[in-house]
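Student: Pick one part of this model and take me through it closely. Keep it brisk, and tell me how the part connects to its surroundings.

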Amino acid sequence: MSTASRGKSPAQLFRHLSAKWPAAFNPKAPRPLKIGIHHDIRVLDGELSDDEVRRALLAYTRMAKYLARLGAGAARVDLDGKPAGEVSDADAATAKALLCARKDRQETKQPPEPRAEPEAPHKLKPKQTAVFKAKNTADSPSGIIVETKRRRSFRKPMT
């Protein structure tokens, strides 16, 4: 396997398959694929490795649209788009379970609702309050109060 093909994303691999076999691989209207279609792909396409074919097919067959189309008795298609078997009851049940689990996971991940009451403003510590009052009562002829904060700088010793 070359280094250029090792880094391909599943989306790039899927685009390669849909360009070669548009009747079988259509992301907008996916159709259930024939069982063992990866063998047909390996025979007809020498450009992709076994791992790349596996990753592309996993990405395609895990799409919500694909899983929704896996109803019991639906026709499976080969690379040319011709019927090649039917979806079994077990496959349809597995697809439905995957969709339900995915939906449940999304519902539990929703962020908690915002709090009704706003947070209380930050209160000054007693020592800070005393310093603030002392500065404000000091000679302030114009009524303008300026508070400054001292910054400490820490320097690492040079070695």
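Tutor: Start with the salt bridge between D45 and K20, whose closest N and O atoms are 3.2 Å apart. A salt bridge here is a side-chain nitrogen of Lys or Arg within 4 Å of a carboxyl oxygen of Asp or Glu. D45 sits in the loop between α3 (37-44) and α4, and K20 sits in helix α2, so the pair ties together parts 25 residues apart in sequence. Helices are DSSP runs of H or I with at least four residues, strands are runs of E with at least two, and both are numbered from the N terminus.

The model is predicted: local features need pLDDT of at least 70, side-chain atom pairs count only at pLDDT 80 or more, and totals for chains, interfaces and linings use all residues. Residues are numbered from 1 along each chain as its sequence is written, and side-chain values use heavy atoms, with hydrogens and water left out.

Now the burial of the two partners. D45 has 1% relative accessibility, so it counts as buried. Buried means under 20% relative accessible area, exposed means over 50%, and partly exposed lies in between (1.4 Å probe, protein chains only). K20, at 36%, is partly exposed.

E47 is exposed, with a relative accessible area of 54%.

A further salt bridge joins R42 and D50, with 2.5 Å between the closest N and O atoms. R42 is partly exposed at 32%. D50 is exposed at 53%. As for K20, D45 and E47, salt bridges that share partners join them into one network. The whole structure holds seven salt bridges.

Which residues does H16 touch? Leaving out residues up to four places away in sequence, H16 contacts D45, E47 and L48. Contact means heavy atoms within 4.5 Å. H16 belongs to helix α2, residues 10-20. Its relative accessible area is 18%, so H16 is buried.

S18 is in helix α2 as well. S18 is buried, with 18% relative accessibility. A polar atom of the S18 side chain lies 3.1 Å from the backbone oxygen of R15.

Helix α4 covers residues 50-61. Its buried residues are E52, V53, A56, L57, Y60 and T61. Seen down the axis of α4, they fall within an arc of 155°, so they line one face of the helix. The arc is taken from the directions from the helix axis to the C-beta atoms.

Technical notes:
Expected span 1.5 Å × (residues − 1). Polar contact = N/O pair within 3.5 Å; in protein donor to acceptor, adjacent residues only side chain to side chain.
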